[in-house]
Amino acid sequence: MASKEVAKNALKVVMFLGSARENRLCTRVYKFVHEQLVKTGHDVTVLDPRELDLPVLRQAMMFVKDWSTLPEALVKANESLVNSDAVVVISPEYNHSIPPGLSNLLDHFPLSSYKYKVSGIVCYSPGPYGGMRAAMQLRCLLSELGTVSVPHIFGIPHASKALDETGKPLNDHMESGAAKLITQLDWYSEALKAKKGKDGIPS
């Protein structure tokens, strides 16, 4: 499926942003990926650590008995995650690792909100490696959360030269990389939906 073709079955996608820094490249990347997903007919909810402004994790939601004590924005974000078909993570790397704000955000939600969903990784950096070292660790984390990470990792090296400030692509790699990721998200999501519809999910 090319990036401008509409998917047969629209997915509900939750997009996690991996940076809360000032002047972050993440804004360019997520605007581009968001546009590509919407072009192909998918519904996208963005979870931004800067906007959610969650505290350092002390207790994950699954261990909290009374959710009325939790921030309303966190409860609403979890509803979006529960009702989603797929998760997309947009991540730089900090110290060759997952950004702390991203892991803090991901860890707030119950494991049941992630299980048996498809996940995709988009990583980027201002340098030549495109955030791949963080992506390798994210694949392990996303698996532990219960998602199925699609094979293609969409890496964006030299991100400031690949996208302008509005998220407009500046090279051919951007649209082809996004198309490959979205195609795999569609395929794996449909496969999981079919299996869940037929046999349910394991206990």
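This is a predicted model: local features need pLDDT of at least 70, side-chain atom pairs count only at pLDDT 80 or more; totals for chains, interfaces and linings use all residues.
Trainee: Where does Asp 53 lie, and what is its phi?
Mentor: Asp 53 sits in the loop that runs between helix 2 (49-52) and helix 3 (72-82). Most residues other than glycine have a negative phi. Asp 53 is not a glycine, yet its phi is positive, with a value near 50°.

Trainee: Is Tyr 116 buried, partly exposed or exposed?
Mentor: Tyr 116 belongs to the loop between helix 4 (100-108) and strand 4 (118-124), and its phi, near 60°, is likewise a positive value in a residue other than glycine. Buried means under 20% relative accessible area and exposed over 50%. Because its relative accessibility is 27%, Tyr 116 counts as partly exposed.

Trainee: In what pattern do the helices and strands of the protein chain follow one another along the sequence?
Mentor: The protein chain holds seven helices and five strands. Read along the sequence, these elements give the pattern β-α-β-α-α-β-α-β-α-β-α-α.

Trainee: Why is the protein chain said to be as compact as a globular protein of its length, and what is its radius of gyration?
Mentor: For 203 residues the globule rule gives 17 Å, and the value for the protein chain is close to this, so the chain is as compact as a globular protein of that length. Its radius of gyration is 16 Å.

Trainee: What share of the residues in the protein chain is buried?
Mentor: A residue is taken as buried when its relative accessible area is under 20%. Among the 203 residues of the protein chain, the buried share is 48%.

Methods
Residues are numbered from 1 along each chain as its sequence is written. Side-chain values use heavy atoms; hydrogens and water are left out. Helices (H or I, at least four residues) and strands (E, at least two) are DSSP runs, numbered from the N terminus. The radius of gyration is taken over C-alpha atoms; the globule rule is 2.2 Å times the number of residues to the power 0.38. Buried means under 20% relative accessible area, exposed over 50%, partly exposed in between (1.4 Å probe, protein chains only).
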